[in-house]
Structures are given as structure tokens and as C-alpha cells.
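Biologist: I would like to learn how to read side chains in a model. Please take me through it step by step.

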Amino acid sequence: MDQRNLKRLEYDKLLQKLSEYTRSSMGRELVEGMLPKIDVKEIKYLQSETTEGRELLRLEPGADISGWEDIRDEISRAARRIVLDSQDLYKVSVTLSAARRIKNFLFERQDKYKIMGEIALGLGNFNTLENKIDQVIAPGGEISDNASPELNSIRKKLVSLKHQIKDKLEQIIRSSTYQKYLQDPIVTVRENRYVVPVKQEYRGNVKGIVHDQSSSGATVFVEPMQVVEANNEVRRLLSAEKQEIHRILSSLTDLVAGSSEELLYTLKCLAHLDFIMAKSRFSGYLDAWEPGVANKPVLDIKQGRHPLLTGEVVPVSVHLGIDFNALVITGPNTGGKTVTLKSVGLLVLMAQSGLHVPAEEGTVVGVFHNIFADIGDEQSIEQSLSTFSSHMSNIVNILNNAGPGSLVLLDELGAGTDPTEGAALAQALLDNMQNAEVCTIATTHYSELKNYAYTREHVENASVEFDPVTLRPTYRLLLGKPGRSNAFEIAQRLGLETFVIEKAREFMSREEIEVAELMNKLEEAKHQAEEERTTAEELRQEANSIRDRYLEQEEELNNKKNKIIEKARSDAKEIVRRAKHDSEELIRQLRENKEKEKAANVESDIHNAREKLKKMRGKYTEKEKSSKNKTAASPQDIKAGAEVFVPRFNKKGVVMESPGKGKEVQIQLDTIKINLPVSELQPVEKEDKKDVSSPGFAHLVKDKTSGISTSLDLRGMRVDEALEKMDKYLDDAGISGLNQVFIIHGKGTGALRSAIQEKLKTHAGVNSYRLGKHGEGGSGATVVDLK
């Protein structure tokens with residue numbers, strides 16, 4: 001794409017802002033070399049890079065994909081056999097360490113960050129080189145004493161010899177003989193040799209070599225003869241140290257040179273990772289997201305914001321290339337038309353460069369092979385070009401190069417010349433671009449272009465909104481609505497006399513007035529249709545919400561109903577099981593007495609007992625079936641004070657008031673009042689008196705469960721008596737459907753409590769037990785949970 005068009009859209013400023021989020025000079029170079037792509041696969045891959053980096057920042061904000069140095073110069077010098085110094089090698093070590101850390105981090109998470117993990121595979125393995133440099137170079141770039149045995153020996157000798165020299169000089173400066181000759185009782189260094197400061201007038205009294213004097217000449221720095229030989233040895237050792245260091249550095253330089261190609265590729269991979277993370281940080285700063293990418297020249301921007309504007313930015317929504325491929329934007333000056341053009345152009349460039357766009361979800365940007373812009377005043381005094389001529393030169397260039405797959409952005413089309421001719425020229429230009437299948441967005445003040453958009457297919461009007469009350473633009477883009485100049489309204493609000501405004505209206509042609517009125521009516525009709533559409537959408541969403549709530553409540557009630565039915569069936573089965581157990585126990589006792597009584601009589605009793613059990617089961621089954629087949633109550637049966645059965649809760653309730661015209665009635669269930677549909681209620685039939693001599697199974701259960709208490713007091717009883725009573729109580733409690741009971745045994749010596757709890761361990765109907773809590777009797781009661 002042409003650099004001039006990119007600059008008009010402020011693409012260079014965008015890259016400058018993006019470069020602030022890099023962490024390396026090589027990453028900045030990649031940013032500076034960025035250009036929009038036109039291959040849809042490449043664009044999607046670049047977008048995926050940014051998305052993956054954004055995900056890494058979200059999931060692992062503390063991750064560090066930086067900390068390395070640009071060592072290209074060091075690698076180049078090493079390849080040319082120029083010995084690197086300790087600081088150069090320290091930079092190499094830091095980079096190798098960072099590369100190893102980054103590679104391990106991304107390799108361990110390759111399933112989550114596939115793109116970055118694949119790039120990290122290109123980071124070389126330099127463990128040997130890194131270890132050798134770290135053995136020689138200490139943190140900060142100093143040569144370590146342990147760089148080699150020879151260097152370690154030299155430095156130990158130097159330390160020892162320097163201590164000896166200092167000791168001798170200390171003896172001299174403390175000597176009463178020399179104290180009067182010294183300017184100060186100190187030891188200092190001149191030209192890497194230890195000296196003492198001697199007064200000028202006593203120079204001849206201190207034997208030695210003068211190495212320096214003070215600026216005033218009052219002091220000379222003398223190396224006493226007693227340490228000359230020792231200082232000479234220090235100089236020799238320092239020279240040996242320097243030679244050994246050069247040898248070590250030369251050896252490490254050779255190692256760096258041997259890995260130069262792999263090191264350069266590693267730097268390239270590190271720069272690529274830095275580039276990805278810079279795009280991701282910039283995306284987070286803009287609150288931007290990955291747009292959809294279409295393989296055709298279309299765009300559908302939803303609430304897009306200009307990425308370089310700060311403060312409260314008014315978003316713009318615009319689409320092009322779908323229902324229409326030309327958009328004519330009208331409106332007053334400073335209303336935001338130019339910003340809209342730049343926003344659209346820059347967001348398209350961002351998307352095609354692999355950057356996230358600051359727009360809402362659902363934004364789609366297609367691939368444009370060229371983007372042309374004629375924005376701003378580029379008149380040139382040197383070239384003797386007026387504003388009109390400058391614009392026309394750009395447009396001629398655009399017409400010569402634009403075609404299918406191009407996006408053209410034109411600001412103030414036809415401006416800078418006679419309005420009539422300018423409007424005619426603008427329409428001709430738009431026709432030409434329509435014929436060339438170019439996607440075009442143009443801004444203008446000409447009312448003729450508003451009519452043009454109304455009368456042409458695939459051309460749409462738009463405007464930047466203006467508030468006639470505050471006389472300020474709102475900067476909102478309104479698609480399908482042409483802009484108005486609002487000149488008369490603004491003038492009247494600012495105090496211009498009414499008769500002047502009316503006179504001005506007279507100067508307008510009849511045709512212009514009719515067109516303006518027609519456009520106003522069209523705008524009002526469209527606005528009304530939009531309001532009705534919005535209202536219909538709100539009602540639709542509200543209806544959907546009500547439907548969802550109803551379905552959720554229905555599902556919840558069905559679940560509760562099923563649980564209640566299941567529990568009832570489970571309880572009934574348990575009652576039958578216990579009855580069967582009791583009958584089998586009776587049969588067993590009868591058979592034990594077989595030797596005492598006649599066999600015929602015993603077998604007859606067994607037969608009678610089994611027949612009785614079948615009758616008990618049959619009655620229960622018939623009752624269960626009859627309860628299921630009961631018909632719902634009719635509204636005539638439901639009267640205030642009537643007793644009804646509620647299958648949903650398996651309870652009886654009392655009608656609080658007769659039902660009105662509605663389908664619901666208020667029912668008192670225990671201590672709860674609830675509104676239920678009449679269709680969910682069943683009338684309660686009066687119970688017939690049963691034959692006491694042959695009670696049914698339900699009557700048996702009723703006798704067992706009536707009056708059962710949730711607690712049993714065993715205080716004062718003997719252990720045997722208490723256990724027998726508790727055993728019977730637990731059976732009755734289980735039949736009655738109690739889930740939890742309290743056994744009160746008192747505190748005392750604890751003997752009764754221990755016996756009760758031992759019994760509870762083996763009881764078949766007990767699920768668990770515990771001592772009572774505060775408010776439950778404490779250690780004087782045991783709380784039992786039944787199965």
C-alpha cells in the first residue's frame with residue numbers, strides 16, 4: 001500500500017504507539033517494519049498470534065517473555081575474531097539465560113499457547129556456552145577469581161603481596177623516625193605502586209623513588225626503597241593477570257563465534273515473541289478484540305473507536321460492501337465526519353496488520369488490496385496547487401489505481417470550487433467508482449449528494465448527529481439518515497430576527513424546499529419505524545425472558561414432584577418389607593412349635609398367615625392405585641373450609657376461600673399458605689369405619705404412626721428396660737417416616753448413654769448418631785439420624 005495513504009490515515013502514529021509496548025530494540029524494529037497484509041490466511045494467523053498473547057496475559061499476568069539483550073553486534077565482532085570483553089560476554093550470558101527460561105516456560109504450556117510454543121522451539125540450546133560464561137563472568141560483568149586455576153593463583157599472590165607491602169608501609173608511617181617527614185600518615189597509590197606522602201623539604205630524608213607531587217608542590221609521593229622490589233613483583237603479577245584474562249576471554253569469544261548462526265536465529269525468535277506480546281499489550285490497553293476476517297472487501301464495524309484518541313471517545317458503527325458499497329456522509333463542520341473516515345480506514349489497516357481492533361464483538365473486516373485516502377488540505381505553495389487542485393490530483397491518482405477490492409475514503413468530495421460544479425463533479429466521481437466496483441466512503445456538504453444517494457442503488461446516506469438544542473455535534477454516525485445544515489435553526493436560536501430567516505427561505509427555490517420537506521418526512525418515517533422496531537425487539541426479549549422463567553419454574557416443580565413421589569414409594573416399600581419380615585418371623589415361630597402341635601394345624605396357620613400378608617399387600621396396592629386414579633376436583637367442589645388433598649406435596653390442606661373466576665385458590669398446608677391451580681387438587685372422601693377385627697395395611701400403618709414423638713425420654717430406667725423401649729420406638733419412628741429423633745438419657749454416670757450408643761451401632765434402621773449440641777441437650781441426649 002502507498003505510504004502516503006498510510007500516513008494520511010495516521011498509520012505511522014499507530015506504529016509509534018505500538019512500539020512503546022515492546023521490550024527490545026529488535027521488537028521495535030519489527031513494529032516499525034509492519035505493513036498491512038492482503039492474504040487472508042496470513043491475516044488470520046497474525047490475529048491468532050495477538051489473541052494467544054492476550055490469553056497469556058490474562059491467565060498468567062506475571063509471565064516474563066523478556067529480559068534479553070540485542071547482542072547482534074557482539075555476535076558480529078566474535079565472528080570476526082574480535083575478542084569480547086567481560087561486559088559483552090555478560091550480555092550474551094543474560095540473553096542465553098532468558099532464552100532458556102522463555103523456552104522452558106512456553107514448552108511446558110505448548111498445548112495452551114501453540115503458536116508461541118512453536119516459535120519457542122526455534123530457541124537454541126546453549127547450556128554449555130552459558131555455563132562456561134557463568135563460570136568466568138560474575139554478575140555485573142566482572143571476571144571471577146575461579147575463571148581458571150592460573151588466574152586464581154595469580155590473584156591470591158597479588159592479595160598476599162599487597163598485604164605485605166601495606167604492612168611495611170604501615171610500619172614506616174608509624175615509625176617515630178619518619179613521622180616528622182610525612183605530610184599525612186597514610187598509604188596511597190600512584191601509577192599502580194604504593195607510596196607515602198612526604199613533605200618537600202624532607203625529600204632527601206626518605207630514601208626511595210618519587211612518582212608524583214601535589215599541585216602545590218608541597219608534597220611528593222615517594223615509594224620507599226623497602227617496598228620497591230615488592231611493588232615490581234605486583235606489576236609483574238598484574239601483567240600476568242591481564243594476559244590470563246585475555247586468554248580466557250579469547251577462548252569464550254571463539255565459543256560465541258562457533259554458535260553465531262544459531263544465536264542470530266534465537267534472537268530472531270525472541271524478537272518475534274516480543275513483537276507478539278507488544279501487540280497483545282496494546283490490545284489490552286485499547287480494550288480491543290480480534291475481529292472476524294472475511295475473504296472479500298466488506299466491513300461491519302460495531303461501536304469502533306479511533307485507537308489514537310484519548311478521553312471519552314464516541315464509537316462509530318458502520319458497514320460497507322454488504323447492502324451497499326458507497327456511503328455518503330453529510331453534516332456540519334467539526335461534527336466528526338473526518339474522524340469517522342480516519343477511524344474506518346485505521347481500523348481496517350489494524351485488522352489487516354494482525355492487530356486487534358477497539359470495537360465490539362461481531363465486528364467483521366474484509367480484505368482490501370488497496371486503501372486510498374484523500375483527507376485534509378494538502379495544498380502546496382511550491383507546486384502552486386490550490387486546495388481544489390491538491391484534492392483533484394489525489395483523486396486522479398485514486399481513479400487510475402483503484403478497482404475491485406479497493407477501499408476509497410474521500411473527505412469533502414468536490415469542495416474548494418463552485419458548489420454547483422463541485423456537486424456535479426462529485427456525483428460523476430461516485431458514479432465512476434460504482435462502475436469500478438470500488439467500496440467508497442465520502443463526506444460532503446452538498447445537498448445534491450443526499451439526493452444522489454436516495455436515487456442510486458447500492459448507495460446509502462449517513463450523517464453525523466447535531467443537537468439543535470445545545471448547538472453542538474454529538475459525533476454519532478447515523479446510517480440511512482442524511483445530514484442537515486441546520487443553518488436556519490442555529491441562526492434563529494442565536495438571536496437572528498425571524499423576518500430575516502423567512503426572507504432567506506424565500507431565496508430558496510421551490511424545488512429545494514420540496515426536496516427538503518420530502519427528506520424530512522422520510523427521516524421522520526424512518527425514525528418512527530426504528531422506534532417501533534426497537535419496541536418490538538424489547539417486547540420480544542421480554543416475552544422470551546418470561547418464557548424462560550416459566551420453563552425453569554415448571555422444571556423445578558416437576559423435579560420436586562418426582563422427588564416427593566419417589567420418597568413416598570420408597571417409604572411404602574420399606575413398610576411392606578418390614579411387614580414381610582414380621583410375617584416371616586411369625587411363620588418361623590410356628591414352625592419351631594411343629595414338634596409340640598400337629599403338623600396339619602401348623603401348616604394351616606402358616607397358610608393363613610401368608611394369605612393375610614397377601615391381603616395386606618393387595619389393599620395397599622389398591623389404595624396406591626386408587627390414589628393415583630383420583631380425579632381432580634372441580635371448582636364446584638372447592639369451597640371455603642373444605643378439606644382437599646394436594647398430590648404435589650402428598651399432604652392434605654384446607655381451602656381458605658372459594659375460587660373466583662381465576663383458576664387458582666389459596667390453600668393452607670400446615671403453617672404455609674400457597675396458591676395452587678384447582679386442577680392440582682383432589683377432594684377428600686370421608687373415611688368409612690373399618691372392621692376392627694380385620695384392619696387393612698394402611699390402618700396398621702396409621703396406628704403405628706399416630707402420635708409418634710420426635711423424642712424418647714429414658715431417664716430413670718434400667719438399661720434392659722431402656723434398650724427394649726428404644727428398640728420399639730425406633731421401629732415406630734422409621735415406619736412414621738421420621739428422619740431424626742432424640743434419645744434423652746441424662747448425664748449421670750454415663751452407663752445408660754454408653755449402652756444406648758452401643759445398641760445404636762448395630763441397629764438396622766440407624767444411619768448415624770451423635771451427642772446433642774448446645775440447645776439439643778448436650779451430652780444428656782443422643783441425636784439419631786434414621787435411614
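Biologist: Is F282 buried or exposed?

Modeller: First, the model is predicted: local features need pLDDT of at least 70, side-chain atom pairs count only at pLDDT 80 or more, and totals for chains, interfaces and linings use all residues. Residues are numbered from 1 along each chain as its sequence is written, and side-chain values use heavy atoms, with hydrogens and water left out. Buried means under 20% relative accessible area, exposed over 50%, and partly exposed in between (1.4 Å probe, protein chains only). F282 has a relative accessible area of 2%, so F282 is buried.

Biologist: How many aromatic pairs does the structure hold?

Modeller: Rings of Phe, Tyr and Trp (its six-membered ring) pair if their centres lie within 6.5 Å; planes under 30 degrees apart count as stacked, over 60 as edge-to-face and the rest as tilted. The structure holds 4 aromatic pairs. In one of them, the ring centres of Y21 and F282 are 5.7 Å apart and the planes are at 45°, so this pair is tilted.

Biologist: Which residues form one aromatic cluster with Y21?

Modeller: Y21, F282 and Y285 form one cluster. Y21 is buried at 17% relative accessible area, while Y285 is partly exposed at 43%.

Biologist: Which ring does the charged end of R190 sit over?

Modeller: A charge sits over a ring if NZ of Lys or CZ of Arg is within 6 Å of the ring centre and within 35 degrees of the ring normal. The charged end of R190 sits over the ring of F221, 4.1 Å from its centre. R54 lies over the face of W289, at 4.2 Å from the ring centre.
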